[in-house]
Each structure stands twice: as C-alpha cells, then as structure tokens.
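Subject: Structure for your files

Hello,

Here is the structure I said I would pass on. My notes follow below it.

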Amino acid sequence: MTTDRPDPSRTVAGHPGSSRAAGGAGDPGRAARPGPPGGAAFTVGLIVNPVAGIGGPAGLKGSDGAGVQLEALARGASPRAGERAALAVRALLARRPDTRIVTVAGPMGEDSVRAAGGVPELVRQAPGDPSSPRDTTAAVEAMRDVDLLLFAGGDGTARDVLDGSPSCPVLGVPAGVKVYSGCFAVSPATAGTTAAEFGRDAGRAGSTGSPGSTGGTGSTLAAEVVDLDEDAYRRGRVSPLLYGTLRVPAARARLSGRKVGSSAAAPGSAEAIAREVAARMRPGVRYVLGPGATTMAVGRLLGLATTLLGVDVVQDGELVAADVTERRLLGLVDGHETCAVLSVIGGQGFVLGRGNQQIGPAVLKKIMASGGLLVLATQQKLAGLGGRPLLADTGDPEADALVAGHVSVITGHRESAVYRIRPATEEFPA
C-alpha cells in the first residue's frame, strides 16, 4: 500500500522523534497549539496499524508477518483497521469537535482522520510501505505531547505501543483478529466516546490523572498487554503471554477486559454442551461451528475432524468444509438454512467479531434470515461476566442489530440460560 508523505504545512514540529531538534514553546518551527480561551485544546494522538485484522476473514488466525498479509489479500480479505479507526475519531469529534488530533501520514492515521471529517496534524515521520512495528513504536515516541493516545490494531499493535513507552494514557480501538489484551475499548465508537469524556474530565481536573490512579476525573487504571505466538496459535496451541501494562482511562464498563480461558470449567462441561447441541441438530440444516474448545467438542462428538481455531461447516453428521474463509463461507450458506454455533469469549463476552471474523456481516445476515444462532457457554463463563451482556462487533451496525435481544445460551445437556446480547457499538455507562 502507498503511504503519503507529510505536507510540511500540516506537520507538527516539536514532538520527540520529529525531524527537527527539540525546542521550547518559543521555537519558531513549533506549530501553534490552538485551543479555547483560557487553556490548550485536548490533544489526541492516533496510530493505525493498517493491516491489523486482515488475516481474520481469510481464516489465518492472525495478521502478523508480510507473508500472512499477502496471503490474506490473495484470499480476498481487505484492510478494515482504517475504517474502524475512523469510527472512533467520528465518535470523538461528535462529542469534542475542538479536539486536536495528531497522527502519522497516510494509512497510519491521516486517512482515518480525514474520513471522519477531521483535520489531522502530522508528525514528521515517513512510515514504510507497508508500515512496520518499528513505525508504530516511532510514532509513539513522536507523540510525547498528546493528552491521550488512541491506537487501532490488535494485541501485536498493543505490544508495539508498549515498546514505545508512551508518556500518556492510551486506549485501543479493537481492529485485530484476537484482541486478548485489556487495554481495548469494547468497540471503535466506544473508544471515541471514552476518549471525549476522558478529555472533559482531564480538562476539569487540570491533568490526565496520575499513574496508577483508579478513580476521579481524568483518572486511569493499569490494563494488561497480552499476546500469542501466532505460529503456535495456528497449530492449535493457545499460550497467551503477559508483556506488561498500559495506563488507560478508568472506564471499566467500556473496556473489553482481558480474555479469560476456560480452564476453570468443570470436567465434562464441554462434552455435556456438545451432547445438547447434537440433540438439537436438524436434518438438512447446515451448522457453522465457530472457533473454540467447546465447539470443537461438538465436532468430536459427531466423529468429525473439525478445527480448534477455524470455522467449519457440518450438515447431517458430515463435514462439509473445514477452516473456511469468509468468502467461501458466504457461498456455503447461500441458499441453505444455516445456523451458527458460537462460543462466548470468557471475561469479555464477545460472541461475534473476535477470532471469528470469517462470520462477517454478509454471512451473518444470511444466517439470521434462516437458522439463527446457537450460543454455547459454561455456567462458570457466564457467571464470570458479572451480569455484563454478550457482545457482537462485526463492524456492521445493521448486522449486529440482527442479533440484539435475548438468546438461549446452552450451558449443558438439557440446560440453558436466557442471556442478553447487544451490539458492542451501543452506549456503555461510564
């Protein structure tokens, strides 16, 4: 992809990492910092990983590495991180139109700000084409003066931001395949809303909060940065590692939270759920099995070689297709009564949009017009949500709205619980 070069008339000088030597406020090369009378404008930095999440719809379980990104493009996937960043910026500017947004040229931020109707100010950084983790780290270092740093990507991007040692609070705009870390908002729009309200609170308090602060205006909390070895992940070995913490706005209800595994589930829980799913399967209906150990137990019970981390299609006790891409899945569900069998991400509550991007908006619309959803979760996993709703975040509000309401969650053999599911784009309490 082509990266535009900065226009000096729109470039912010005076940021560490810019092309000029560091200088004070009186440096004639330093751009004026506009703001309302009596104080400086709230300033947000924006960094976009343009290829984040591209491997999800392609069934590649991640997007790390140039080879994976090229394969994703060959399989028909298209970059979506820029669109999701624009949603966050649009929500931010709708609430704080005076916000000053500092970003990187081209797809690393500028394009998203312009798409959202904003006017970006660019740091003097020329990212590679395509951009690299080092470009993300350099961008963090170039944005030392901002009040809050938004970044769009996944867990790998969060690691790159952490490596840049940000000097201000940060907030992730979820755009990756996995998003296990706790430093992300539940949706792009929620990230923008949270940033705007954090800016108001920080302005009233006179600062962005002290490190480790957990309450009060402009306050922050520590959120974990967790990532997986994607090569091992593709081989079915899930072993998340903790890399550190980042300060984020203290709005727990709006943060996705760190993913929690199913190790605490009672022995036999997955098998009991699988028995109930198999009992509900009807002749002639296609069942789309999402990723996860619980859905894989369904395939195992049927005697089928389904995948742990992929999306598979079964019908009448036979495996129709394994580890499909979004493009192939769309063809497989077209003209067939289809039901999606999806597990809940522990600790977060996501049912759609995290790790199963193959079930994209077009696929979901066809499924909801025919067979609908079968949602699976152990009783322990539901209890761990603490009453928070299940979430859908396909990137298409119309598709997400189709699943909104209440759903029967299978928790065991002949056991179920009625639970609320809502689009992640809906407003969340502070």
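At what angle do the axes of helix α8 (residues 269–280) and helix α9 (residues 293–301) cross? In this predicted model, the two axes cross at roughly 60 degrees and come within 8 Å. An angle from 65 to 115 degrees would count as roughly perpendicular, so α8 and α9 are oblique to each other. The crossing of α8 past α9 is right-handed. On the α8 side, the residues in contact are Ala270, Glu271, Ile273, Ala274, Arg275, Val277 and Ala278. They meet Thr294, Ala297, Val298, Arg300 and Leu301 of α9.

Next, the nonpolar cores. The largest has 51 residues, and the members that touch the most others are Ile47, Met143, Leu149, Phe151 and Cys183. Helix α2 (residues 81–95) supplies the largest share of this core, six residues. Apart from this core lies another, of 30 residues, which includes Leu329, Val363, Ile367 and Leu382.

Leaving aside residues up to four places away in sequence, Cys183 touches Phe151, Ala158, Leu171, Gly172, Ala223, Glu224, Val225, Leu246 and Val248. Its relative accessibility is 0%, so Cys183 counts as buried, the cut-off being under 20%. Cys168 has 7% relative accessibility and therefore counts as buried too.

Regards

Conventions: Residues numbered from 1 in each chain as written. Predicted model: local features only at pLDDT ≥ 70, side-chain atom pairs only at ≥ 80, totals over all residues. Heavy atoms only, no water. Core = buried A, V, L, I, M, F, W, Y, C linked by side-chain atoms within 4.5 Å. Buried < 20%, exposed > 50% of the residue type's maximum accessible area, 1.4 Å probe, protein only. Helix = DSSP H or I, 4+ residues; strand = E, 2+ residues; numbered from the N terminus. Contact = heavy atoms within 4.5 Å. Axes fitted to C-alpha atoms, helices over the stretch in contact; angles between N-to-C directions. Parallel < 35°, antiparallel > 145°, perpendicular 65-115°, else oblique. Left-handed = near helix turned anticlockwise from the far one by under 90°.
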